Amino acid sequence: MTPQYSSWASAPRLIALANGVRLVGVVGFEVDNNSFYQADSFRLTLCLSAQPPSSNWTYWASQIDIEVELLVGFPSSETFDKADLTSLLIGNVDDIAIDPIADQVVMSGRDLTSRFIDNKTAEKYKDQTASQIATLLAFRRQLVPVVTATTVKAGTYYDYDNVGDADDRPEWDLLTYLAQVSNFVVYVKGRELHFEPKPDPTKTPPYVLRWEAGNGGNASPRFNATTLAMNRNLTVAKDIIVTVRSWNVKQNRMFVKTANRSRVKSGTKAASKSYLPPQKYVFTITNKTAEETQQYANQMLAEISQHEMNINAQIPGDPALNPRVVIKLEGTGTAFDQLYYPASVLHQIDVSEGYRTTVRAKNTSPESTVVP
């Protein structure tokens, strides 16, 4: 996918629903789609004086349970409905602010991940697999499970782990724990709970941001976004050594494993050798096997390394852009030309300012290599 060269998206249309009823007087909204394991959030603004008589101050002040759906798109006709737009979020309102001076009603909240965050469980589920637990909790919170089957029973993961002894932990904490130990991702999309393997970036086309330097008759550079900021964390850019220690009660042994990331030669102009000492990180976990300890070291190294290269770009509004889409920056001729994984995708639509999408994304540098 490639956004077009343009300053703003043209003729965007929006719909906001509250408890299934289409709202009027919508000034605009913003939806912040976060990365896996986190709730998405929203902010919806209505014009107070544009509301029907039945939706006066008294009505908004008395509401205690509002489910919102926010949709946006570019329909081909002036007459459109939900089917013509893309749903960015379904969620519950956490806060209503009424401002009669500004003539506004502002609602903010989270997507349906909040159903798991706000409900706690003391159940252990030791005789069920991670996928069975995810399916059970999805049905319990009236969501559709989109779950890839797993075979290992949950008790295998935390018989001796602290998580096995925890009481009244949020259901979302349990789901994220099970996803991480299964090397899965978990997130809510609309009314679906997704519990599945991490997406393979090689199997889907990236969302391309392309920089074209000006030359000859085209003196001005071209870029298919409105803003671009690139940042490199030089602390994380150093060589990295992660050490993980784990005392295994069953085997009565201490396992110590390391994972290293070193600078390597590459084709980018910024390739260089750092002569500064490596950054060292030490983690202590419990009751892991030698293989699991190494896997944890590799995982932590990857997570730390992914904070090295960062980009922040604003593009004409595009509902197709979400945290599950890999971003590819190209054309700068620097080490920043590579793939990036979105940390946040912010959709903002306003009746006066139009529709824009801002993405924050990160990745490690292609000039490094990981050595377990």
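This is a predicted model: local features need pLDDT of at least 70, side-chain atom pairs count only at pLDDT 80 or more; totals for chains, interfaces and linings use all residues.
Start with the inside. The largest nonpolar core has 23 residues, and those with the most contacts within it are Leu-23, Phe-29, Leu-44, Leu-46, Trp-60, Leu-70 and Met-107. Strands do much of the supplying here: strand 1 (13-18), strand 3 (26-34), strand 4 (41-47), strand 5 (67-73), strand 6 (86-99) and strand 7 (104-111) each give two or more residues to this core. Nonpolar side chains do tend to be buried together in soluble globular proteins.

Phe-29 is worth a look of its own. Leaving aside residues up to four places away in sequence, Phe-29 touches Leu-14, Ile-15, Arg-43, Leu-44, Leu-70, Leu-71, Val-72 and Leu-88, and also His-347, Gln-348 and Ile-349.

Leu-175 belongs to helix 5, where it is one of the buried residues. That helix (residues 171-181) is mostly covered, with eight of its eleven residues buried: Glu-171, Trp-172, Leu-174, Leu-175, Thr-176, Tyr-177, Leu-178 and Ala-179. Just past the end of helix 5, Asn-183 adopts a positive phi of about 60°.

Trp-247, Val-249, Met-254 and Val-256 make a nonpolar surface patch of about 370 Å². Val-256 sits in strand 17 (residues 253-263) and counts as partly exposed because its relative accessibility is 45%.

Technical notes: Residues are numbered from 1 along each chain as its sequence is written. Side-chain values use heavy atoms; hydrogens and water are left out. Buried means under 20% relative accessible area, exposed over 50%, partly exposed in between (1.4 Å probe, protein chains only). Helices (H or I, at least four residues) and strands (E, at least two) are DSSP runs, numbered from the N terminus. Patches are made of residues with over 30% relative accessible area and no salt bridge: like charges are joined within 9 Å, nonpolar side chains (Val, Leu, Ile, Met, Phe, Trp, Tyr) within 5 Å. Accessible areas come from the Shrake-Rupley method with a 1.4 Å probe; for residues, only the protein chains shown count as cover. A salt bridge is a side-chain nitrogen of Lys or Arg within 4 Å of a carboxyl oxygen of Asp or Glu. A nonpolar core is a set of buried Ala, Val, Leu, Ile, Met, Phe, Trp, Tyr and Cys residues joined through side-chain atoms within 4.5 Å. Contact means heavy atoms within 4.5 Å.
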